[in-house]
Amino acid sequence: MDKSKRLFFKSKRSFRRRLPPIQSGNRINYRNMSLISRFISEQGKILSRRVNRLTLKQQRLITIAIKQARILSLLPFLNNEKQFEKSELVVKTTGLRIRKK
């Protein structure tokens, strides 16, 4: 194709480049809780690389930092609120069941 003809073609998709979730100034460390908490789901699971939009190296460092924070009990291994709600429901429902002999 001629260069003169290429100038008039518009790209079919408009692509807006997203900002990276980790800026160059942020250090991936187990003590940086504000950074780490962005990569954990509500249930306490580590989000995938595709969801986080991280590079492979960044995802590995985030995973290591989250695991270190969990071991040092800075982060919970899982979110206890869901378990607590389930245990309350079990107690309520078991109290209603009465066996008649």
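This is a predicted model: local features need pLDDT of at least 70, side-chain atom pairs count only at pLDDT 80 or more; totals for chains, interfaces and linings use all residues.

Which residues make up the largest nonpolar core? Select Ile22, Leu35, Ile36, Phe39, Ile40, Leu54, Ile62, Ala65, Ile66, Ala69 and Leu75, 11 residues in total. A nonpolar core here is a set of buried Ala, Val, Leu, Ile, Met, Phe, Trp, Tyr and Cys residues joined through side-chain atoms within 4.5 Å; buried means under 20% relative accessible area, exposed over 50%, and partly exposed in between (1.4 Å probe, protein chains only).

Residues are numbered from 1 along each chain as its sequence is written, and side-chain values use heavy atoms, with hydrogens and water left out.

Next, colour by secondary structure: the protein chain has five helices and zero strands (DSSP runs numbered from the N terminus; helices are H or I, at least four residues, and strands are E, at least two).

Now centre on Leu75. Apart from neighbours within four places in sequence, Leu75 is in contact (heavy atoms within 4.5 Å) with Met33, Ile36, Ile40, Ile66, Ala69 and Arg70.

Finally, select Leu78, in the loop between H4 and helix H5 (80–96). Is Leu78 buried or partly exposed? Leu78 is partly exposed, because its relative accessible area is 38%.
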